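Here is a short tour to follow with the structure open beside you.

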Amino acid sequence: MNPTATLSPAPTSPAVSTSDLWLRILKIIESKIQRGQFITWFKDTAVLGLEEGNLVVGLPLPMFLTWHMQHYRTMTLEAAQEIDPSIREIVYTVDVGLKDNRERSTDLLEHFPELKKRKVAGRQEVKLAEGIVSKILSPKYMIENFIVGTNNRLAHAACMAVAREPGGKYNPLFLYGGVGLGKTHLLQATGNAILKAHPRSTVVYTTSEDFTNQVVEAIQHQKMDQFNRRYRTVDVLIIDDIQFIANKDRTQEIFFHTFNALYEERKQVIISADRPPQELQLEDRLISRFARGMIADVSQPDYETRLAILSEKAAEYEIFLDRAVLEFIAQHVTKNVRELEGILMQAVALYELEQRMPTVRSISEIMSKLSMDPLKDEETVGFTKAPKRKPTFQEIMEAVSRYYSVSIQDMVGASRVREVLHPRQVAMLLGKKHLDMSYVRLGEVFGGRDHTTVMNALKKVDGRQHNDPQLLREIRAVEVELGLVQ
Ligand code: ADP
Ligand code: MG
């Protein structure tokens with residue numbers, strides 16, 4: 001603080017408007033957190049009042065509430081106190097009318113326009129050896145950002161072992177599995193790890209298609225010697241998608257000799273394919289060479305692994321998605337990691353281009369646009385068919401709890417704060433609507449409430465449905481998550 005300011009008489013300035021106050025607080029917060037978080041969580045917020053030291057902060061969606069309480073309350077209070085030391089407490093209130101309302105909420109993009117370029121790791125040059133630089137290994141694929149699950153545990157362990165001791169026990173290393181399950185990631189990550197541990201070693205990564213092209217070119221220009229020199233002096237040769245040299249006899253022959261030369265020198269060879277060695281349409285002698293080494297498969301990730309991968313990717317892209325959204329994606333995209341990433345990228349686009357916070361609903365809309373609708377098509381896109389059966393009451397409670405970030409315990413408890421009351425009413429409404437539960441039964445499962453209490457609560461929320469589009473959207477989002485509507 002400028003000491004002279006305190007000496008001069010306090011200016012009799014008109015009280016700062018709440019929007020100015022909020023802007024000044026936001027400036028402080030913006031300097032402390034990542035832009036992605038800032039835009040996500042402070043968009044459509046406002047200061048709604050300041051009474052007796054309580055700063056009332058309006059949030060546009062129920063899901064913001066827990067997040068703010070857990071992550072930003074202290075920071076917001078501190079920032080507020082920097083500007084007005086009389087502020088003692090931050091009080092949050094959900095006001096859905098703030099959503100996309102330029103008059104009432106703060107337009108973050110206008111006031112905080114600087115769009116920092118998000119750093120998406122691109123291909124960097126990798127130094128392979130003195131004077132040799134390859135652009136092939138991508139730093140995007142690291143062992144550290146590869147999520148280990150039951151589907152890839154063995155493959156991952158084998159890669160780690162190879163990275164520790166290239167040319168050791170696991171030579172050659174052969175990984176196989178379907179598309180988009182992480183083979184290329186693992187191969188590249190292993191190459192990167194070897195380079196890190198042995199910076200002077202020569203690591204070559206190539207696809208079998210590139211390898212074939214180079215063979216063709218070498219033959220054409222009579223540069224086979226050069227080709228052999230290049231490939232036979234490497235320390236590690238990584239060949240991705242070997243299945244593509246099926247029916248290419250000359251390439252297979254050249255690869256066989258390259259392989260042998262390296263193997264005899266105890267150089268590491270790592271190969272991937274879409275199927276196990278025995279099923280490849282390759283020369284027998286090649287297949288038997290592959291079978292000599294370590295063979296590991298990568299298969300489809302289970303739900304927990306999918307969720308972990310999504311969280312990892314979301315963090316990489318610096319996008320903060322509600323857990324319910326991540327869970328929704330993980331639940332519905334089941335066969336292929338690449339597809340998981342595809343949906344996530346759509347969410348990033350939604351968020352970056354339209355500044356919309358992805359919700360279960362918007363994601364499920366994106367999925368149906370991509371004809372990834374769980375109810376329509378199971379086989380082609382890797383969806384688990386949403387069960388046609390009715391959800392259980394427990395499932396309804398879980399979905400509501402996730403959507404509003406309110407615990408089931410709170411919902412069946414006695415609290416009457418709006419943040420609990422509202423989800424409770426929505427859960428009751430869904431129980432009535434989809435399970436045809438009686439008022440008495442609802443009263444029982446909601447912590448022993450009287451059936452008239454239930455009736456009144458339901459009347460209220462049912463009445464509001466007709467003139468509250470936000471409520472309708474919320475109900476629909478939960479219904480989508482439960483597979484009740486598309
Ligand atoms: P494949 O080569 O088997 O077709 P990729 O390695 O290209 O598959 O994987 C597709 C995408 O999924 C890549 O972006 C990769 O980073 C990602 N991916 C796959 N498995 C994992 C995992 N276990 N952890 C993190 N990312 C993964
Ligand atoms: Mg691949």
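Helices and strands here are DSSP runs, a helix needing at least four residues and a strand at least two, and they are numbered from the N terminus. With that in hand, please keep in mind that this is a predicted model.

**Helix 8 and its surroundings**

- Helix 8 covers residues 208-220, which makes 13 residues. From the first C-alpha to the last, helix 8 reaches 18 Å, close to the 18 Å expected at 1.5 Å a residue.
- Which residues of helix 8 are buried? They are Ser208, Phe211, Thr212, Val215 and Ala218.
- Looking down the axis of helix 8, you will find its buried residues within an arc of 125°, so they line one face of the helix.
- What do the buried residues of helix 8 pack against? Their partners are strand 7 (203-207), helix 9 (224-232), strand 8 (236-240) and helix 10 (249-264).

**Backbone details to look out for**

- Most residues other than glycine have a negative phi, and most peptide bonds are trans.
- Gln222, in the loop between helix 8 and helix 9, has a phi near 50°, a positive value in a residue other than glycine.
- The relative accessible area of Gln222 is 72%, so Gln222 is exposed.
- Asp241 also belongs on this list, with a positive phi near 60° in a residue other than glycine. Look for Asp241 in the loop between strand 8 and helix 10.
- The peptide bond running from Asn171 to Pro172 is cis, and its omega is near -5°. Pro172 itself sits in the loop between helix 6 (153-164) and strand 6.

**Aromatic rings**

- A pair of aromatic rings is described by the distance of the centres and the angle of the planes.
- With ring centres within 6.5 Å taken as the cut-off for a pair, the count comes to 16 aromatic pairs.
- The rings of Phe174 and Phe290 have centres 5.3 Å apart and planes at 40°, so this pair is tilted.
- Phe174 belongs to strand 6 (residues 173-176) and Phe290 to helix 11 (residues 284-292), so their pair ties together parts that are 116 residues apart in sequence.
- Phe174 counts as buried at 0% relative accessibility, and Phe290 is buried with a relative accessible area of 0%.
- For Phe211 and Phe255, the ring centres are 5.7 Å apart and the planes are at 90°, so the pair is edge-to-face.
- Phe211 lies in helix 8 and Phe255 in helix 10, so this pair ties together parts that are 44 residues apart in sequence. Phe211 and Phe255 are both buried.
- Which residues do ring pairs link into a cluster? The cluster consists of Phe174, Phe211, Phe227, Tyr231, Phe255, Phe259, Tyr263 and Phe290.

**Charges over rings**

- Arg285 places its charged end over the ring of Phe256, 3.9 Å from the ring centre.
- Lys432 has its charged end over the ring of Tyr439, 4.5 Å from the ring centre.

**Strands 6 and 10**

- Strand 6 and strand 10 pair in the parallel sense, over 4 bridges. Within strand 10, Asp297 is the bridge partner of Tyr176.
- Side chains alternate along strand 10 (residues 294-297).

- Glu481 is part of helix 21 (residues 469-481). Its relative accessibility is 7%, and buried means under 20%, so Glu481 counts as buried.
- Setting aside neighbours within four places in sequence, Glu481 is in contact with Phe328, Val360, Ala399 and Arg402.
- Lys390 is found in the loop between helix 15 (360-369) and helix 16 (393-404). The relative accessible area of Lys390 is 55%, so Lys390 is exposed.
- Lys390 touches His434 and Leu435, not counting residues up to four places away in sequence. Lys390 and Leu435 are 45 residues apart along the chain, and their C-alpha atoms are separated by 7.5 Å.

Technical notes:
Residues are numbered from 1 along each chain as its sequence is written. Chains are lettered from A and ligands numbered from 1 in the order in which they are written. This is a predicted model: local features need pLDDT of at least 70, side-chain atom pairs count only at pLDDT 80 or more; totals for chains, interfaces and linings use all residues. Side-chain values use heavy atoms; hydrogens and water are left out. The expected span of a helix is 1.5 Å times one less than its number of residues. Buried means under 20% relative accessible area, exposed over 50%, partly exposed in between (1.4 Å probe, protein chains only). The arc is that of the directions from the helix axis to the C-beta atoms. Contact means heavy atoms within 4.5 Å. Rings of Phe, Tyr and Trp (its six-membered ring) pair if their centres lie within 6.5 Å; planes under 30 degrees apart count as stacked, over 60 as edge-to-face and the rest as tilted. A charge sits over a ring if NZ of Lys or CZ of Arg is within 6 Å of the ring centre and within 35 degrees of the ring normal. Two strands pair if DSSP finds at least two bridges between them.
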